[in-house]
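Okay everyone, let's get going. Have a look at the picture on the screen, and I'll talk you through a few spots.

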Amino acid sequence: EIILGNPNYVTHNWPRNVDAAGFADWTFLGKYRILSAPSDDGNYVLMFLLGTSYATGLEKYISAGHDLFNPMLGFGKGFVGQYGEFDYEATIGPTIPDGGMQKLGTPVTWNSVFQYRLRVPTPFLGEMNQISTLWPELETSWMSFPNGENDGQQQLYLTVGFLAGRFNLGGYFHFVLGMGYQFAVTPSRMYNHQYLISMRIPYF
């Protein structure tokens, strides 16, 4: 699977009264499935992922100023029980820049997300969307810095949010909406108190 991303639009409110807003770097993501099993025979997946970020964004405060490469291993496991459907998903891997190693380093990030599936009646969306899916979720993002300007730091962020969809837009086009609130747990942090919104239009 290949995902062609679009640059995020980022706004920063800094305590030094210096505000910055603009488009971040352009991103791409490739996925290769190593192992998987359907819901009635294990309900899991193991993947190799390669994320890339190209320095096309606003350099002041928003862009790293270097191309970044992020090889990862990804894992997911679903659970079906008397209380509904749950799943756990995780990715782990380093971020490797094409330069600026003394500043950026090669941080290792471990993302985990815990999701619960709700089926919500939505008759106003038409016959194909009378039952839609809502996924309340809790995400953890742990970052370890073995080098660079943050050498030795351990950072942990939590995100509470949800995913809604897929809503059929006609034919093979669908719409997925995600919203969340992210905050830092550890004293060492690069950011704090972020509101996140994502929108996707899958085609399948």
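Let's start with Asn150: it counts as buried, because its relative accessibility is 17% and buried means under 20% relative accessible area, with exposed being over 50% and partly exposed in between (1.4 Å probe, protein chains only). Quick background: this is a predicted model, where local features need pLDDT of at least 70, side-chain atom pairs count only at pLDDT 80 or more, and totals for chains, interfaces and linings use all residues. Residues are numbered from 1 along each chain as its sequence is written, and side-chain values use heavy atoms, leaving out hydrogens and water.

So where does Asn150 sit? You'll find Asn150 in the loop between strand E10 (131-144) and strand E11 (154-170). Helices (H or I, at least four residues) and strands (E, at least two) are DSSP runs, numbered from the N terminus. Leaving aside residues up to four places away in sequence, Asn150 touches Phe145 and Met190, where contact means heavy atoms within 4.5 Å.

Okay, zooming out. The chain has 13 strands and one helix, and 31% of its 204 residues count as buried.

Now, how many salt bridges are there? The count is one, taking a salt bridge as a side-chain nitrogen of Lys or Arg within 4 Å of a carboxyl oxygen of Asp or Glu. Glu85 pairs with Arg117, and their closest N and O atoms are 3.3 Å apart. That pair links distant parts of the chain, with Glu85 in strand E7 and Arg117 in strand E9, 32 residues apart. Glu85 is partly exposed at 26% relative accessibility, and Arg117 is partly exposed too, at 23%.
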